[in-house]
Amino acid sequence: MAFPDGTLRRIFERIDSPVSLLRAAATCKRWHIIASPTFLRRYRSAHPARAFVAGAYFNDSTLLSSLMPPIRSVAHSSSSSLVDAKQARDRPSFVPASPSVDARKFSLDFLPDDSDDAAWTVFDSHGSLLLHNRTRIGLSSAAAAVFPDMFVCEPATRQYKRIPRPPPKFLSKSINNIDNSYTDAYLIEGGNGTADCIISMSNFKVLCVFHGVFSHYTVTFTAGATTDSWRSSAPPTPTKISWPSYAKASASMPTSYPATRSLSSGHWAAREAHGHYRDENLKVFKRVEDGDWALDKSVVLPEATRGLPGYKPEFFESPMNILTRGPGFVVLSPQVVERWLVSVDLETMEVSPAEEEMGVMVYGCALPWPPALNASV
Amino acid sequence: MAAPESGDGNNGAARMVTLISSDNTRFEVEAAAASLSQTLQLTILDGGGGGGDGIPLPNVDSATLSKVLEYCIKHAPAAANGGAPNATAVDRAELERFDNEFVNIDQSVLYSLIMAAHNLEIEGLQSLVAKKVADMIKGKSPMEIRRTLGFPDPTPEEQAEMNAHMLEYGWAYE
């Protein structure tokens, strides 16, 4: 069948899986019409974000369960001492989002394994990329905490890039004049975050947060098509919203929050842990058009959770930890020895008692898009 | 051919037009149904197709035209309601059932319909046949797609291109 161009476009727009679309592109030369940027843009906007989800990664569950007691931070660092040699060879597992995705193609076996004692942990994801931390047995956790051995990878295309240490000129000494000031890192898209600017191996940033003398400061690694660079950056959030609210919750992006990253200041307040900063609200931020962030909704935790079984006012004397993020929800726990888990639906902001089994951090991973189809083939 | 319950009330009786297929068969149909075709709508608005004149359609044979008109007659009432915002769920379900049944056809017929819907610019029918082809493509490998759609066997060059594509986009293949 030789279809008219307009008909061909209509057909391709109705193929609901990007995987099927790519296969169709290979069928014959004329069908490379798919490769036009205009078509790919239209296709992307005509389909729900979940169509582009490849699946989700989660870190080794035995490792995670050892990190689970709520009194301990769920941060990715400081885990090396808990890793034994057997677990070290385990890499984060992949669960495909649909039967059309072949899980084997998303295996992380391509990550460099120059020694037996490396353990890989995903700690952020965005679009088709993952941010990993590589830890080694025998390396003290204090040393690893100075600056983690970070890698960004794209599982679908089996590419990776090691994130170098930031140049010393960007780092200030912390209050005790100790270098141990690295706090966290976030994987974000390069550019200004508009729809045309999709994260890829040649267009991403790793925003690293350090604890300075009086406040947090950030240093950003920018990967470009030709060169990579570091620069120190001001908080990208509007002034009325405090910096610590800037969020890492890409896990909740692919399904229900296509353009939203969300999280709470509680997460950050917990990290600050000095008592002078306290916020009882769980806030969800939304990316607005110019790439900035704005407060979308919030819930006052002590009030919202008052009716839940096991509630105690003292749970809120310190900010709550965020234990887990999943698609569209977070699980919170107070910083007390007692275990009391609350799940918050980020769509409705409704709170409910959380199941212990929900305690696995999920990192969504999207298909690379737009695919770098060669229009001239 | 069963007429829809009512026309749009012009002069009591619905206005009729005559269409003539490539093999010279004459089809008399309500103007409202024929106007689902953007191409025909212009002619009809100009007053064409009435009386004994008829509108010749040299690119559409009678078998295809009768199929196309079956679609137009079924969809005309809903289209007259501006996409049927006030249609009941039952009406919509009935149209959906009709559509599914309608494209459950031979590939040669489907292909004729695709070309007719394209030439006559019938939006709804174009969408319907495109969806049908999309469903035939989904989940198949490039070779399976070629076979499904009756493409000739690939030339060695085409085969080489397909292999290269599969190598580059390994994640999209099993």
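A:Phe147 and A:Trp230 are both buried. They belong to a predicted model, in which a search of the whole structure finds 17 aromatic pairs over all chains. A pair of aromatic rings is described by the distance of the centres and the angle of the planes.

- The rings of A:Phe147 and A:Trp230 form an edge-to-face aromatic pair, with 6.2 Å from centre to centre and 70° between the planes.
- A:Phe147 is located in the loop between α6 (141-146) and β5 (149-154) of chain A, while A:Trp230 is part of strand β10 (residues 228-233) of chain A, so the pair ties together parts that lie 83 residues apart in sequence.

**The pair A:Tyr311 and A:Trp340**
- A:Tyr311 and A:Trp340 also form an edge-to-face aromatic pair, with centres 6.3 Å apart and 70° between the planes.
- This pair links distant parts of the chain, 29 residues apart: A:Tyr311 lies in the loop between α8 (301-304) and β13 (321-326) of chain A, and A:Trp340 in the loop between β14 (329-333) and β15 (342-345) of chain A.
- A:Tyr311 and A:Trp340 are both buried.

**A cluster of rings**
- A:Phe12, A:Trp31, A:Phe39, A:Tyr43, A:Phe52 and B:Phe151 are linked into a cluster by ring pairs.

**Charges over rings**
- A:Phe52, a member of that cluster, has the charged end of A:Arg44 over its ring, 4.1 Å from the ring centre.
- In chain B, B:Lys67 lies over the face of B:Phe102, at 4.2 Å from the ring centre.

Notes
Residues are numbered from 1 along each chain as its sequence is written. Chains are lettered from A and ligands numbered from 1 in the order in which they are written. This is a predicted model: local features need pLDDT of at least 70, side-chain atom pairs count only at pLDDT 80 or more; totals for chains, interfaces and linings use all residues. Side-chain values use heavy atoms; hydrogens and water are left out. Rings of Phe, Tyr and Trp (its six-membered ring) pair if their centres lie within 6.5 Å; planes under 30 degrees apart count as stacked, over 60 as edge-to-face and the rest as tilted. Helices (H or I, at least four residues) and strands (E, at least two) are DSSP runs, numbered from the N terminus. Buried means under 20% relative accessible area, exposed over 50%, partly exposed in between (1.4 Å probe, protein chains only). A charge sits over a ring if NZ of Lys or CZ of Arg is within 6 Å of the ring centre and within 35 degrees of the ring normal.
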